[in-house]
Amino acid sequence: MSDTPVQTSATVLTVRQVQDYHAMTLVAPAIAERFRPGQFVALAVGGEHTSRLIRRCFGVYEVKSDYGGTVELVFADTEPGTAWLAGRRSRDQIDLVGPLGRPFRLPRDPVSCLLVGGGPGGAAVFALADSLLRRGCQVHFVLGGPSAKQVFGSRMAQRIGDSATVATDDGSMGEKGTVRDVLPRVIEETGTDVVYGCGPTTLLRSVTQVATDFGLPSQVSVEEFLQRTGACGIGVCMTCMLPVHGEDGVTRMIRACADGPVLRGDLVRWGDLGTIPFDALGAPRVLSVTEGGFQ
């Protein structure tokens, strides 16, 4: 098995509605055999004769050995590209590149793992859960969303997890409140050793802050940021740059796709996403009057 990504024409097996989202299963053996939890795939959308040139990047919900190897992903229909994907039918072909990016780092020893997910991006925690369970780890879930329809995978989490907690803003499923509201209690009750997060950027920021408060390591997938900013998925276009602290204390701009999407949560400068901080290595300098910047 090679770690090199491949480009392939994948056959659509099914597209189904799951709450407010769509789950698409693709027959793609070459990608399935290379996949590691946390990596993503990039899909061409719109067909051959449209102007939709930018690929759409999604984390992977599940990989199975059926039909030689299938890849399932979950997405929201929010724009013309995802609407085109939602309209695919069985036996349609989709140009697919993957698996891309850096995966989650797995613990060497069996430990207590807390997996936090929100929105369609939260689907990626389930591929991770499968690997952790095979290593003998305890797996606890916290899933959240604005309402029950925006929570993905609650039944699966209850079935495979050692525990599963759901929080919704409106109280329509689980506890009323946010993921941040329930995290401290769940961490204490489960004896969490490491926290993993997948979902909206606001959720990842909260996950990181709470984990840091408890002195716990956190790994998060910035897939949602990549979906909003990325154009190629392979590290060429440089549109998905974000600032992170280096272990040497220096801030550097990295690519969410090639250097992520999985990052150490405590190293991401969450408040500076979408910017180039003035103190980042290589950031544009503001010229002073003495340097001739002003006449």
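Buried means under 20% relative accessible area, exposed over 50%, and partly exposed in between (1.4 Å probe, protein chains only). The model is predicted: local features need pLDDT of at least 70, side-chain atom pairs count only at pLDDT 80 or more, and totals for chains, interfaces and linings use all residues. Residues are numbered from 1 along each chain as its sequence is written, and side-chain values use heavy atoms, with hydrogens and water left out.

**Exercise 1.** Classify the ring pair Tyr61 and Phe126.

*Solution.* Rings of Phe, Tyr and Trp (its six-membered ring) pair if their centres lie within 6.5 Å; planes under 30 degrees apart are stacked, over 60 edge-to-face, the rest tilted. The structure holds six such aromatic pairs. For Tyr61 and Phe126, the centres are 5.8 Å apart and the planes stand at 80°, so the pair is edge-to-face. Tyr61 and Phe126 are both buried. Tyr61, Phe126, Phe141 and Phe152 form one aromatic cluster.

**Exercise 2.** Classify the pair Phe104 and Tyr196, then locate both residues.

*Solution.* The ring centres of Phe104 and Tyr196 are 5.5 Å apart, with planes at 85°, so this pair is edge-to-face. Phe104 lies in the loop between strand 7 (93-100) and strand 8 (112-118), Tyr196 in strand 12 (residues 194-198); the pair therefore ties together parts 92 residues apart in sequence. Strands (E, at least two residues) are DSSP runs, numbered from the N terminus. Phe104 is buried, at 6% relative accessible area. Tyr196 is buried, at 1%.

**Exercise 3.** Which ring does the charged end of Arg88 sit over?

*Solution.* The test needs NZ of Lys or CZ of Arg within 6 Å of the ring centre and within 35 degrees of the ring normal. The charged end of Arg88 sits over the ring of Trp84, 4.0 Å from its centre.

Technical notes:
Helix = DSSP H or I, 4+ residues; strand = E, 2+ residues; numbered from the N terminus.
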